[in-house]
Amino acid sequence: MGTRRLIARDDLLATMDRAVASKVTIISAPVGSGKTSLLRAWADRPGQGHRLAVMQVQRDQQDAQQFWLALLSAVRHASGTTSGAGPPAATPEFNGRAMVDRVLSELEDQRGRVVLMIDDLHELTSPEALDQLTRLLTNLPPNAHAVLATRHDVRLRLHRLRLAGELAEIRAADLRFTERETRELLDASGIELSEAGVALLRQRTEGWVAGLRLAAIALADHPDPEQFVAEFSGSDRTVAEYLVAEMLGRQPDDILQLLLRTSLLDQVSGELADLLTARPGSERILLALEDANAFVVSLDPERTWFRYHHLFADLLRLELRRRLPEQVPALHRQAAEWFVQHGQAADAIRHTQAAGDWPDAARLLADYSFSLTMDGQEQTVRALLQAFPPGADYPELALIRAGYNLAGGRLDEAAAHLAVAEAYAETAAPDRQRRLRVAVASLKLALAARRGHLAGVTEQARFLDSPVTGQSDEDIALSNDLRAVALMTLGTVEASLGLPGAERHLREGAVLARKIGRPYLEVRCLVQLGFASKIHSSATTRRRCQEAIALAERHGWGAEWYMAPALITLADTMVWTGEFDEGERWLQRTLRALQADTGPDIRQLVHIVSGMLQACRGRHHEALQEFSEAQYLGSQLEGSHALASQVTGWMLATQARLGTPGEAGASLAALADEQASSGEIHDARAAICLAEGDPAGALGAVQDVLDGTAPVIGCGTVVEAQLLAGLAHRQLGDQRAANQAAERALALAEPNRLILPFVMTGSRELLEALPRHQTAHAALLADILDVLHGSSRKADDQPPPQDAEELSPGELRVLRYLPTNLSRSEIAGELSVSRNTVSTHIRNIYAKLQVRDRSSAVQRARELRLLGGRPRALARRSPDRGDA
Amino acid sequence: MDPASARYTIRINGHLGATVLSAFPALVSRRHGAHTLLTGVLDRSALYGVLTEIEALGLDLLELRQLAPQRKSAESGDRRSP
């Protein structure tokens, strides 16, 4: 309803004011009760002491992510700080829980009170979104209030709020117009009517707002208002139908045609209306209708898009089908074409379906399903897929069904659909054929990866090396989306096989994803790129992982399952360089991101890193357990895996250090020749010899590693060999040789700062005995000794936490970022809050922890164990929430 | 007939015109005093679809009744009343 002739409903506004004192207000009343008008009137009053975040749920919204993105945008719009984090990006991997946390965090960071208004909530049909909304509403921060308008009571579980008196309700009876308000409405429209007439009108409509507004429109310029009311009152027809018929009967033909023909659109613009009515000037009519309060509202400040009041639109649609039934499919077809041309695929498909052009709709859906999914509209795609008539089978749709079966783990069904899709692709026109082949190849790769049947599979993806072509921008865009997905899948598979093409394809995929604005695909490629380079354990690996994680965090995806490879690889590089606390932190983050079906390669690395950390802290029993677990997972991997000898080597060395070198020696003797000849196993043999008091044997064991004849995974193995040799020389009393070995170890470790081997081999005394003037690596040596001293301290129990003033949830969130090297602005970006907010939190953190700078804050926070787990800010607020 | 289907009568306040009635193609309508009765065989999801239409069109739902399947005379019985 237009904003121009809203009458002041002071009593109702006062009711709203009272309601908003509680946490949540629900306005639940039938269509046309004036809910939206009340929201607008209340929102538009001057001098309000709060910010407003306003959103309207799209018609029949089945897509949780679309709902949440709209809500997040509304909250950001209210805060006026849309910069910084940028617009919320869609992702095919929507995480509702993380999204609710994000919205809560942004609400909390708003300065002052904020009122979240959600109109047409009954249109939200996604049960998932309703559950998430329940969680949002029951956890609103103290400065936030929510107002929900809905046609019927929705399935939100708000009983706890109700019991706490935090739920206010405004219902149909509260919204009915009184006689005084009816009079005011008529006066505002310049309608003269007797007291009796007003009373009769109100009685006939029972104060129903839509009825009275329709009557006011019909009465305006009516020659005899009293007679109109008398006739209306005498009729038994339903109010809306009677009045709409009256109103339409009084419209000139051009307006009538426009209303009827555009009624099948959810939103209409002048351009689109011109197309459907085949005449110009529609925008002028729409603007005039809105000004006349005729159930037309503009949706944007520029007034280019409009929508009809739902009730009005529904009646118009029925009228259109009755009056111009033969036109309906053609109108849908025209609308569909317009939406295709303007890149609104979902609307285009919906109208094509409505036109009954099922094969065309299937073709469109097949063409756009990848892009729509990348746009975060997977649930929309599923809804469109379900709208096809049951039983009818379109080969176009096989591709989509294959994808869903694959995602659902139904691999045989996926393969069957894929075969249909492949056959269908061969019948398509050249440009489409190319695209469909890319899509099929992409799914085949993914299927093969799921099955573990990887031999020869990457051959099929060769054609990816030729560039994208297409006749239109739309063709190229669709092709690019498919190509980026295919490159990601291919690179991931190649990486898991250790094939050389992996890095090139992943890098190419990341570059393409960035070019076409697909941050999700870019993150996925970068994550795999970081993981693929894990063997290098270098600055490059670290940089790649950090880049992937930073980009993901910018979009709120930092804790998603697909981040695990980058998180654990980063933890791995941290532990190698002796940053154990940091490594532990990233390991913990990995554990939070892991899912039940995370692949054995990732879980193996998790256990390796855990084992490394345990070993460095002198907890050899725990380390042995982790390495054993890693070895078991390694045996689950197809073929021999890159880290096999590393895991086995460390496991044996740990056994030896635990005082059971005999057992370790027996296990070693049982190894296959291929593995036994690796550098890592030679190192293990040396460690066993040292534990058995056989330094000469140890020297013999590492000989092949030192002279470069034994194959090694990386430089770390050689560093380790040098250190074991040094330890052996010390046992033999040859300090000079020991010093030389230590110096060679330092030289090898220097480029990548490989500190881990010094800690794992227990080389503290070896290094301490090395005279400072004899080393060219004094700085590294000092750092390593610091770590060695620190790690021995770490093995003891930390001091018990002391009391400190409790940090707020917002402060805890910021605190988590202090150990990183992110600047305040960058932290603000990660959390999608302003830099000022971060600065305020940091000031409070310093005050509460009684420290003066960041590093001492981190140290203090560690002592208080505030950094160990993720602070569950929400959990503290309502520990019994039922969705954990 | 679908085993889950049943014959329902839906009573709505006021007389429905041709436009609104076109929203209920599966139902037969009949005036009954100042009310309209919509009758037809519906399965569960069709029934909820009808209720959604009634809500969307702002109609005043007075009564929803499932007619016992064995009573073939239910309609004729209704017809006798004014």
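Modeller: Chain A has 46 helices and 8 strands, where helices (H or I, at least four residues) and strands (E, at least two) are DSSP runs numbered from the N terminus. This is a predicted model, in which local features need pLDDT of at least 70 and side-chain atom pairs count only at pLDDT 80 or more, while totals for chains, interfaces and linings use all residues. Residues are numbered from 1 along each chain as its sequence is written, and chains are lettered from A and ligands numbered from 1 in the order in which they are written.

The C-alpha atoms of chain A fill a box of roughly 120 × 70 × 40 Å along the principal axes. Of the 884 residues in chain A, 49% are buried; a residue is buried if 20 or more other C-beta atoms lie within 10 Å of its own, exposed if 12 or fewer, and partly exposed in between, with C-beta atoms placed from the backbone. Among the contacts in chain A with a separation of 6 or more, 69% join residues 24 or more positions apart, a contact being two residues whose C-beta atoms, placed from the backbone, lie within 7 Å.

Strand 1 of chain A runs parallel to strand 4 (residues 144–150) of chain A, to which 5 bridges join it, and two strands count as paired if DSSP finds at least two bridges between them. In that pairing A:Ile27 has A:Ala149 of strand 4 of chain A as its bridge partner. Strand 5 (residues 167–171) of chain A also pairs with strand 1 of chain A in the parallel sense, over 5 bridges, and here A:Ile26 stands opposite A:Glu169.

For the wider setting, an automatic or database domain assignment gives the bounds that divide chain A into domain 1 (10–175), domain 2 (179–249), domain 3 (393–532), domain 4 (574–795) and domain 5 (809–877). The C-alpha centres of domains 4 and 5 of chain A lie 35 Å apart, and 4 residues of domain 4 are in contact with 4 residues of domain 5. On the domain 4 side of this contact the residues comprise no nonpolar, no polar and 4 charged, with Ala, Val, Leu, Ile, Met, Phe, Trp, Tyr, Cys and Pro counted as nonpolar, Asp, Glu, Lys and Arg as charged, and the others, Gly among them, as polar.

A nonpolar core is a set of buried Ala, Val, Leu, Ile, Met, Phe, Trp, Tyr and Cys residues joined through C-beta atoms within 7 Å. The largest one has 258 residues, of which A:Leu365, A:Leu567, A:Val609 and A:Leu724 touch the most other members. Beyond its neighbours within four places in sequence, A:Val609 is in contact with A:Ile568, A:Ala571, A:Asp572, A:Val575, A:Gly583 and A:Leu587. A second, separate core of 16 residues includes A:Ile827, A:Leu849, A:Leu866 and A:Leu867.

Turning to the contact between the chains, 20 residues come from chain A and 15 residues from chain B. Helix 12 (239–249) and helix 16 (310–323) of chain A each supply at least two residues of the chain A side, and helix 16 gives the most to that side, with 8 residues. The chain A side divides into 8 nonpolar, 4 polar and 8 charged residues. Helix 16 of chain A is also one of the elements against which the buried residues of helix 13 of chain A pack; in helix 13 (residues 253–262), these buried residues are A:Gln257, A:Leu258, A:Leu259, A:Leu260, A:Arg261 and A:Thr262.

Chain B, for its part, has 3 helices and 4 strands, in the sequence pattern β-α-β-β-α-β-α, and 22% of its 82 residues are buried. An open sheet of 4 strands in chain B has the order 2-3-1-4 with antiparallel pairing, and its edge strands are strand 2 (28–32) and strand 4 (61–67). Within chain B, strand 1 (residues 6–13) and strand 3 (residues 35–42) pair in the antiparallel sense over 8 bridges, with B:Ile12 and B:Thr36 as bridge partners.
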